[in-house]
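Visitor: Please show me the protein, and then let us go through it by question and answer.

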Amino acid sequence: MSFLRSAAGLLARAKPLEASSTEQTRRHIKRWVSPTLRELAHRQKKLGPQKPEARSGFIEWNQRSELFAFGKRLGESFELSQLQRAFTEKSFARREEDRRRQLGIEEADLQMADNSDLAEKGGHIARAYVEAFLQHQLPKVPEEGLRAIAQFLLSTETLAHVSSHLGTKDLIHSTEYPPSAESLAQSLQAVIGALASSSCIERAFLFVRDFICTQLNQKDLLDVWTPPEPLQLLERICQERKLGEAEPRLLGDCGRNTVLAAYQVGIYANRQLLGKGFGEDLKTATETAALDALQSIFDTHDNRRPFDFSVQLETKNVRLG
């Protein structure tokens with residue numbers, strides 16, 4: 001009997017402990033939280049999609065610190081005045097000058113530098129280095145091929161892609177937000193010009209190599225440059241390089257006079273197979289074989305040796321003039 005009484009006492013003392021631990025783990029969410037969140041979501045849906053706001057419009061934005069951090073992320077030493085100028089578009093500078101003029105500021109303090117001249121300088125540096133890099137890495141490709149690849153690397157889409165991934169979107173002073181592809185590309189060129197002015201021309205060359213030339217990594221050069229008339233180009237290349245007369249030959253076919261017809265054509269010169277290709281007709285197969293032969297001659301196949309992005313071209317090999 002005494003044992004039952006002691007057990008009952010232990011159980012009575014254990015219940016308050018369980019109740020207190022349950023109260024401590026309870027979340028105690030107020031009743032007004034759920035309806036408030038629903039009302040906010042309803043208002044947001046009623047307003048519809050909102051335009052993105054520039055990061056520089058927030059109260060804690062520090063332009064000088066962001067510019068300093070931008071240079072350190074890239075591992076470069078910029079003059080902050082040059083870097084700030086590189087991110088200032090001409091349209092924004094003119095609007096700022098008009099605003100200052102309306103405020104009655106003296107004419108001598110109205111002038112605001114923009115990135116026009118820096119972008120021109122940076123674009124000239126980028127083009128010169130890209131052309132020198134391609135001539136060094138692709139010595140067998142003719143002039144029209146090098147020109148097409150350089151045009152791809154220096155296109156607005158490529159420069160804007162590089163610029164956006166470097167984090168320039170929130171640093172650009174523009175009259176529109178988010179900035180357009182043209183603004184992003186121009187700002188990247190201005191950054192190259194600012195780097196050349198702040199540091200040296202060699203650092204600008206390495207910047208172009210590391211961020212622009214590397215866009216060719218794992219890129220199929222046939223997607224960048226596809227000759228419009230490959231057979232005529234092959235005949236001209238064979239004549240210039242004295243490889244012999246290019247002669248297409250039918251190697252095999254199947255399914256003639258059907259919708260599943262396939263032809264295999266090989267192109268020979270001096271009894272040497274230059275390339276071969278397939279197609280649903282003889283014309284397509286001949287063009288495919290000509291493209292394959294051109295890739296072999298120019299050494300632009302997918303299994304070619306990768307680009308050497310660690311090469312450092314001497315300044316004298318880059319034609320800036």
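Visitor: Which helix gives the most to the lining of the largest cavity?
Guide: This is a predicted model, where local features need pLDDT of at least 70, side-chain atom pairs count only at pLDDT 80 or more, and totals for chains, interfaces and linings use all residues. Residues are numbered from 1 along each chain as its sequence is written, and side-chain values use heavy atoms, with hydrogens and water left out. Helices (H or I, at least four residues) and strands (E, at least two) are DSSP runs, numbered from the N terminus. With 4 residues, the helix that gives the most to the lining of the largest cavity is α13.

Visitor: What volume does the largest cavity have?
Guide: On a 1 Å grid over the protein atoms alone, a cavity is a set of points where a 1.4 Å probe fits but cannot get out, and lining residues have an atom within 4 Å of a point. Grid points are joined across faces, edges and corners, and a volume is the space filled by probe spheres set on the points. By this rule there is 1 cavity of 30 Å³ or more. The volume of the largest cavity is about 110 Å³.

Visitor: How many charged residues are in the lining of the largest cavity?
Guide: The lining includes Val 141, Trp 225, Leu 291 and Gln 295. Ala, Val, Leu, Ile, Met, Phe, Trp, Tyr, Cys and Pro count as nonpolar, Asp, Glu, Lys and Arg as charged, and the others, Gly among them, as polar. By class the lining has 9 nonpolar and 2 polar residues, and the number of charged ones is none.

Visitor: Which residue of β2 is the bridge partner of Gly 252?
Guide: β1 and β2 are joined by 7 bridges, and 7 bridges also join β2 (residues 262-269) to β3. On the β3 side, Phe 278 stands opposite Gln 264. The bridge partner of Gly 252 in β2 is Gln 264.

Visitor: Is β2 largely enclosed or left open, and how many of its residues are buried?
Guide: Buried means under 20% relative accessible area, exposed over 50%, and partly exposed in between (1.4 Å probe, protein chains only). In the protein, 38% of the 321 residues are buried. β2 is largely enclosed by the rest of the structure because the buried residues number 7 of the 8.

Visitor: What is the relative accessible area of Glu 176?
Guide: Glu 176 lies in the loop between α8 (156-165) and α9 (181-198). Its C-alpha atom is 9.7 Å from that of Ser 91, although the two residues are 85 apart along the chain. Glu 176 counts as partly exposed because its relative accessible area is 39%.

Conventions
Pairing = 2+ DSSP bridges. 1 Å grid on protein atoms, 1.4 Å probe; cavity = no way out; pocket = protein on both sides within 12 Å on 5 of 7 lines; lining within 4 Å.
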